[in-house]
Amino acid sequence: AREDWDRLAEQLMPLTKGVTALPSTAVRGDAGVLLTLGARYPRAFLDVILNAQKITAPFDLEAYGVRDPFLKNYLDLIAFLLQGLPSNGTLTAVMAFMVDEFYKPDAVMDFPKGGSGAMAAALARGVTKHAGCSVRTSTPVEEVVVEEGRAAGVRLKGGRLLRAKRAVVSNADLHNTFRMVPEGAHAGFDEERDALLAPAAPVYSDDDGPADGAGLPLCKSFMHLHLGVRADAMPPDLPPQWTVVNSWDVPIDAPGNVIVVSVPSILDPSLAPEGHHVIHAYTAGNEPYHIWERFEGVDTNKDAAYLALKEERAAPMWEAIRRRVPRVEEGVVVRQIGTPLTHARFLRRHRGNYGLALAAGGGFEFPKVTTPLPGLFRCGDSTTAGIGVA
């Protein structure tokens, strides 16, 4: 494995110079890229142009001489954790970035002080620091209002209309962005909707879509387990995060196979009351939605079958925690289980999805930030791969 790894790193390192030097926020899909990248980062931009064919190709383990079975599985795991697809569906640029960043001599795991809420607050400050700009929370958008063939604003739940001076930008997932534009409001947008939201061919080992499906496939969803635990039930040498792979002999996306466990309060004690810790375990994008469909529209707080299924599907997460915290149940004071329906409801994700499952070299391209409807733009995981902040 070491020989394969050294050979792989040697081949990928020349590709990392441009990839790691260009900030993703400066990448754009029009001629303005010459200003945001070419003018500000000329050497890195040139390096990317020269290596474009290599870094935009699917990552081919065999071509890079990776033969060791464990290393193949490990690289599949890293790719899957990054964007929900195995390594052969991942851009070489992504894998080159991973090899460079993860294994630098001084590499550390960064964690946002204040947790994910602090990241959301920082994003909000990026808006509110500008005069006349505000962020509204708990304000669901029901419809993108179209007037004279252009997106003119949004209608909120309850009927209030907010007009847009220049444009509407949707960070909702692809399905919900289409859902918010009424059918018949714009012919070109309807045509794009029909093409992109058509039934998709199977991507994962347990997909049941049509083999000839032409629509954009979706990543699977998650199970979550959130715990508040007394510190006296936790080992003193507990790491802040660990990953459990239950079997290398099944597909990396097999339900309940890969579990990630985080204890962020070890790094930031402000996240839990004194004498306690918070634990978050989740199935890494491998929970299928179809087994939860029968509970759509059901009062899930009272449905016995739903509550029983939650416990059943949470079992692998409990086991992953027990591997390092054997007495965890003794110290639990807060306990919450999230399902794909939780994702769908609270994050407004169609079928609780984790984004589009578009494999590199697979014939699909991510939708552009522009849409056929003038004045309506897309951003977020409906336009690019990988993990982000929702």
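**Strands, pockets and a buried serine**

Q: Which pLDDT do local features need?
A: Residues are numbered from 1 along each chain as its sequence is written, and side-chain values use heavy atoms, leaving out hydrogens and water. This is a predicted model, so totals for chains, interfaces and linings use all residues, side-chain atom pairs count only at pLDDT 80 or more, and local features need a pLDDT of at least 70.

Q: What is the strand order in the open sheet of five strands?
A: Strand 5 and strand 8 pair in the antiparallel sense over seven bridges, with Leu225 opposite Ala281 in strand 8. Strand 7 (residues 258-262) is joined to strand 8 by four bridges, also antiparallel, and Ser262 stands opposite His280 there. The whole open sheet, with its antiparallel pairing, has the order 6-7-8-5-9.

Q: Which strands stand at the edges of this sheet?
A: In general, strands of a sheet pair through backbone hydrogen bonds. An edge strand here has a single partner strand, so one side of it is left without a neighbour in the sheet; that goes for strand 6 (241-245) and strand 9 (332-338).

Q: Which residues form the covered face of strand 8?
A: In a regular strand, side chains alternate between the two faces of the sheet. For strand 8 (residues 276-283), the uncovered face holds His276, Val278, His280 and Tyr282. That leaves the covered face with His277, Ile279, Ala281 and Thr283.

Q: Which residue in the turn between strand 1 and strand 2 has a positive phi?
A: Strand 1 (residues 141-147) and strand 2 (residues 150-156) run antiparallel, joined by six bridges, with Leu156 as the partner of Val141. They form a hairpin with two residues between them, and the one in the turn with a positive phi, about 55°, is Glu148.

Q: Is Ser382 buried or exposed?
A: Ser382 lies in the segment after strand 10 (376-378). Leaving aside residues up to four places away in sequence, it touches Ala172, Asp173, Leu174, Leu356, Phe366 and Pro367, contact meaning heavy atoms within 4.5 Å. The cut-offs are under 20% relative accessible area for buried and over 50% for exposed, with partly exposed in between (1.4 Å probe, protein chains only). At 1% relative accessibility, Ser382 counts as buried.

Q: How much space lies in the second largest cavity?
A: On a 1 Å grid over the protein atoms alone, a cavity is a set of points where a 1.4 Å probe fits but cannot get out; a pocket is an open set with protein on both sides within 12 Å along at least five of seven lines, and lining residues have an atom within 4 Å of a point. Points are joined across faces, edges and corners, and a volume is the space filled by probe spheres set on them. Residues lining the second largest cavity include Ser382, Asp173 and Leu174. Its space comes to about 40 Å³.

Q: Which residues are closest to the centre of the second largest pocket?
A: This pocket holds about 490 Å³ of space. Of the 26 residues lining it, the closest to its centre are Ala200, Asp207, Asp208, Leu218 and Arg351.

Conventions:
Two strands pair if DSSP finds at least two bridges between them.
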